[in-house]
Amino acid sequence: MPYADWEDFAFEGIGTQWEISTPVPLGGTVRACLMDRVERFDAEWSRFRSDSRVSALARKPGRYEFPDEAGGLGALYRTLYGITDGAMTPLIGASLERLGYDAGYSLKPSGSPLMAPPWDEVLEWAGTTITTSAPVVLDIGAAGKGLLVDLLADELLGEGLESFIIDASGDLLACGPLPTEVALEHPYNPAQAIGIVPLADRALCASASNRRAWGDGLHHVLDGTTGEPVRTAVATWALADTAMLADALATALFFVPGDQLQEQFDFSWLTVFSDGSAARSADFEGTLFT
C-alpha cells in the first residue's frame, strides 16, 4: 500500500493479481463496475477462454468487430511490428501454444518453435475491425495488461477520483502528484532490488524472462520471426504516460535498443542483458544500486 491511510481493493483478473489503492474506500457500485470492465475485457481478448472473441478468430477466419480500445491497440502493435522487423507481433499466440503456453497451461512443447505468420498475409487490423484470411491465434499479452490498467483508470477518473495507484502484478499506473517509490526487481532474485523509481502521474511496466518461464529455458517473450524465446535481454522497464504504451515498450526493448524506440515514442527505459550489463535512457527516473 503506497500510504498508510490508503485503502486497497484486491482482486484477480485476466489470470493475475490486481490491487487498486485509493485515499478513500471504493464503494460497492464502483467495485462492481471495475470487475465488470475486467470481465468484458477478458471476454474479448483472452486466448485462454473458449468463449472469447479472440478464440472465435482462432476457429474461423473472417471479419470481427472489437471494442473501442482495439483501435489504439492495433495501431501501436502495427508500429512496433515494423520497428522490430516482425519480431513483436500480436500473431504470436500459436507460437506460444507450440512451446506449451497454451489454454491448458500444459507447459510442454508440442513440437519445434513455430514462427508467427506474416501480418500482411493473414491479418488486416483497421480501427476496431479485425479481418483474417486464415485461423490465427491472436495474443495481445505484450500490451494487453497495460491497456486494461488504462481502462480501469478511466473508470476511476469517471467516478471523480483524482489520486490512485493501480498495481497489476508489478505493472503500475500512479495518478496524482505524490510520488511512490517502486523497487525494480532483480531479474535473477525476486527477493532483491536493483534500484528504485519514484512514480507519480505516470505508468511503469516491466517485462522479464524469469516471469512465465518453464521447461528448459522457455519463457513468454518470443521472437515472432523464429518462434523462439529471446536470449539477449532478461529484464526491461519502461515509463510512459499510459500503461498500454509502457507495457508494449517494455516488451519491444527485448528486440530493439531503447534509443531506437525513443525516436518514435516519448518514454524512458532500462534494459538488463543476460551478460549482466545494463543500458538506460539519459532521462530514466530511477536510481540503480551499485
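Phenylalanine 41 and tryptophan 45 are both buried, where buried denotes a relative accessible area under 20%, exposed over 50% and partly exposed in between (1.4 Å probe, protein chains only). The model is predicted, and local features require pLDDT of at least 70, side-chain atom pairs count only at pLDDT 80 or more, and totals for chains, interfaces and linings use all residues. Residues are numbered from 1 along each chain as its sequence is written, and side-chain values use heavy atoms, with hydrogens and water left out.

Both phenylalanine 41 and tryptophan 45 belong to helix α1 (residues 28–45), where they are 4 residues apart, about one turn of the helix. Helices (H or I, at least four residues) and strands (E, at least two) are DSSP runs, numbered from the N terminus.

The structure contains 7 aromatic pairs. Rings of Phe, Tyr and Trp (its six-membered ring) pair if their centres lie within 6.5 Å; planes under 30 degrees apart count as stacked, over 60 as edge-to-face and the rest as tilted. One of the pairs joins phenylalanine 9 and phenylalanine 11, tilted, with 5.0 Å centre to centre and 40° between the planes. Phenylalanine 9 is buried, at a relative accessible area of 8%, and phenylalanine 11 is buried at 8%. The pair of phenylalanine 41 and tryptophan 45 is tilted because the planes stand at 45°, with the ring centres 6.5 Å apart.

A single aromatic cluster is formed by Phe41, Trp45, Phe66, Tyr81, Trp119 and Trp125. The charged end of arginine 53 sits over the ring of phenylalanine 66, 5.8 Å from the ring centre, the criterion being NZ of Lys or CZ of Arg within 6 Å of the ring centre and within 35 degrees of the ring normal. Arginine 78 lies over the face of tryptophan 119, 4.9 Å from the ring centre.
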